[in-house]
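Welcome! Here is a short tour for anyone meeting this structure for the first time.

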Amino acid sequence: MASTSLSWNSTSWLHNHCLTKNMNTKTTKLTNRTSVLTVVAQKKAKKVRKIILKDDVSNLGKKGQLIDVKAGYLRNFLMPMGMAQIVTPELLKEMKMEEERIEAEKKRVKEEAQQLALIFETVGAFKVKRKGGKGKQIFGSVTAQDLVDIIKAQLQRDVDKRIVSLPEIRETGEYVAELKLHPDVTARVRLNVFAN
């Protein structure tokens, strides 16, 4: 039992004398440090980023579209797959120049289609010859390909037959065909169908 009490006494003496001295010095050092130490708040991370899509992404957008996405989705999916690019001032400038170039090209194509429509409408009527039957009947019918061939022969202009819409022509007479030269420009062309 004596050894137990001795060890108890020795540990309590050790605890009282040595540890309290070390703790006091640490405490004083800590208090000195805390007066010098200042806590700086970190800036809150952006949760949404503005990007430009490089490819079509389902449920998100089309190629070249400017959209906002969550930073994690951008960092973990879009960037590794090469589907998006973060917006920068230089990139915005490039996009604006590209849009202006595209708009100028669209305007030029529309003006060209309007001029072509004016040419088609001022020509008058295109004449189509067909073998005649009884009365006003003709053998066969006049097709879009026939009109395209006549335009090529008379005006030296190539026209795609898919843009031509014709009524059903099975008799002689005057008809009007439409040529869809541009989404906003349609030329109306007159056809005179007569029998040989």
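## A look inside

Arg130 is buried, with a relative accessible area of 18%, because buried means under 20% relative accessible area. The model is predicted. Arg130 sits in strand E4. Leaving aside its neighbours within four places in sequence, Arg130 is in contact with residues that include Ile138, Phe139, Asp146 and Phe194.

Next, the cores. The largest nonpolar core has 24 residues, and Phe120, Leu147 and Leu179 touch the most other members.

If neighbours within four places in sequence are set aside, the contacts of Leu179 include Phe120, Leu147, Ile151 and Val189. There is also a second, separate core of nine residues, with Ile51, Ile67, Leu78 and Met83 among them. In soluble globular proteins, nonpolar side chains tend to be buried together.

Leu78 brings us to helix H2, which spans residues 71-81 and in which Ala71, Leu74 and Leu78 are buried. They lie on the same side of H2 because they cover an arc of only 80° around the axis. An α-helix has 3.6 residues a turn, so residues three or four places apart point the same way. Arg75, Asn76, Pro80 and Met81, on the other side of H2, are exposed. Strands E1 (48-53), E2 (66-70) and E3 (84-86) are among what covers the buried residues of H2. Just after H2 comes Gly82, with a positive phi of about 70°.

Note on methods
Residues are numbered from 1 along each chain as its sequence is written. Side-chain values use heavy atoms; hydrogens and water are left out. Buried means under 20% relative accessible area, exposed over 50%, partly exposed in between (1.4 Å probe, protein chains only). Helices (H or I, at least four residues) and strands (E, at least two) are DSSP runs, numbered from the N terminus. The arc is that of the directions from the helix axis to the C-beta atoms. Contact means heavy atoms within 4.5 Å. A nonpolar core is a set of buried Ala, Val, Leu, Ile, Met, Phe, Trp, Tyr and Cys residues joined through side-chain atoms within 4.5 Å.
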